[in-house]
Amino acid sequence: MDVEALLRPLIEAEGFELYDVTQGREGGRTVLRVVVDGPGGVDIDTLAHLTERVSRHLDLEGYGTGPYDLQVSSPGVERSLKRPEHFRRAVGERVRVRTTAPMAGATTHTGELVGADDEGITLAVAAGELRLAHADVRSARTVVDWSAELKRSNA
């Protein structure tokens with residue numbers, strides 16, 4: 001069952017974006033993680049509402065062959081970047097990217113995401129700009145300079 005295709009219209013009808021869907025096994029149970037986002041983020045009341053709607057929809061559609069845990073959340077401040085559209089929205093942000101093989105002498109690169117398209121991304125790192133194809137990216141996420149954020153909030 002294509003859970004993403006099943007849930008996308010429901011989430012979008014509520015005025016939100018289906019950011020990601022993952023399914024896995026933990027402790028012998030199936031875990032379905034649904035990540036949603038919206039303009040200005042998603043608050044706890046919205047997550048509770050969407051959890052109820054998603055759960056009901058999955059039950060009506062006959063999702064799963066046994067018990068499962070449903071987790072509906074927001075992507076958070078330090079969000080995972082998986083799809084070209086995730087990278088495009090993060091242009092201008094600081095990111096950490098792990099590559100499948102060494103690129104420019106390393107497999108982990110941290111810098112400002114200065115470009116993103118359907119083929120890959122461009123990072124501004126200490127040594128200059130680094131172009132990576134999406135196929136070369138093992139994982140990526142935005143990163144926050146928490147010490148700078150704390151200084152700003154205390155000012």
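**Strands, helices and a few side chains**

Colleague: What joins the side chains of Arg25 and Thr30?
Modeller: A polar contact of 2.9 Å. That term means N or O atoms within 3.5 Å, one able to donate a hydrogen and the other to accept it; residues adjacent in sequence count only through side-chain atoms.

Colleague: Before we go on, what am I looking at?
Modeller: A predicted model, where local features need pLDDT of at least 70 and side-chain atom pairs 80 or more, while totals for chains, interfaces and linings use all residues. Residues are numbered from 1 along each chain, and side-chain values use heavy atoms, without hydrogens or water.

Colleague: Back to Arg25. Where is it found?
Modeller: In strand β1. Strands (E, at least two residues) and helices (H or I, at least four) are DSSP runs, numbered from the N terminus.

Colleague: Is Arg25 buried or exposed?
Modeller: Exposed, at 57% relative accessible area. The cut-offs are under 20% for buried and over 50% for exposed, with a 1.4 Å probe.

Colleague: Which backbone oxygen lies 2.5 Å from a polar atom of the Arg25 side chain?
Modeller: That of Gly28.

Colleague: And how many Å apart are Arg25 and Leu60 in space?
Modeller: 22 Å, C-alpha to C-alpha. In sequence, 35 residues separate Arg25 and Leu60.

Colleague: β1 has come up. What strand order does its sheet have?
Modeller: The order is β1-β2-β3, in an open sheet of 3 strands with mixed pairing. β1 (17-26) and β3 (68-73) are the edge strands, each pairing on one side only. Pairing takes at least two DSSP bridges.

Colleague: How many bridges join β1 to β2?
Modeller: 9, and these two strands run antiparallel. β2 covers residues 29-37.

Colleague: Which residues is Asp20 in contact with, leaving aside neighbours within four places in sequence?
Modeller: Arg33, Val34, Val35, Lys82 and Arg83. Contact is heavy atoms within 4.5 Å. With Lys82, the Asp20 side chain makes a polar contact of 2.7 Å, side chain to side chain.

Colleague: Helices now. Which residues of α1 are buried?
Modeller: Val3, Leu6, Leu7, Leu10 and Ile11. They fall within an arc of 115° seen down the axis, so they line one face of α1. The arc is taken from the directions from axis to C-beta atoms.

Colleague: What do those buried residues pack against?
Modeller: β1, β2 and α2.

Colleague: What happens at the start of α1?
Modeller: A side-chain oxygen of Asp2 reaches to within 3.3 Å of the backbone nitrogen of Glu4. After α1 comes Gly15, with a positive phi near 90°.

Colleague: And α2? Which strands does it lie across?
Modeller: β2 and β3. α2 takes in residues 44-61 and runs at about 140° to β3. Such angles lie between N-to-C directions, from 0 to 180 degrees, with axes fitted to C-alpha atoms.

Colleague: What span should α2 have, and what are its end C-alpha atoms apart?
Modeller: At 1.5 Å a residue, its 18 residues should span 26 Å, and the ends are 25 Å apart, which agrees. The expected span is 1.5 Å times one less than the residue count.

Colleague: Which α2 residues are buried?
Modeller: Thr46, Leu47, Leu50, Val54 and Leu58. Their arc is only 90° around the axis, which puts them on the same side of α2. Their cover includes α1, β2 and β3. On the other side, Asp45, Asp59 and Leu60 are exposed.

Colleague: What caps the N-terminal end of α2?
Modeller: Asp43, by a side-chain oxygen 3.3 Å from the backbone nitrogen of Asp45. Just after α2, Gly62 takes a positive phi of about 75°.

Colleague: Last topic. Where is Ala104?
Modeller: In the loop between β4 (94-103) and β5 (106-116). Ala104 has a positive phi near 55°, though it is a residue other than glycine. Its relative accessible area is 74%, so Ala104 is exposed.

Colleague: In what sense do β4 and β5 pair?
Modeller: Antiparallel, over 6 bridges. Arg94 stands opposite Glu112 in β5. β4 also pairs with β8 (residues 137-142), antiparallel over 5 bridges. There, Ser139 in β8 is the bridge partner of Arg98.
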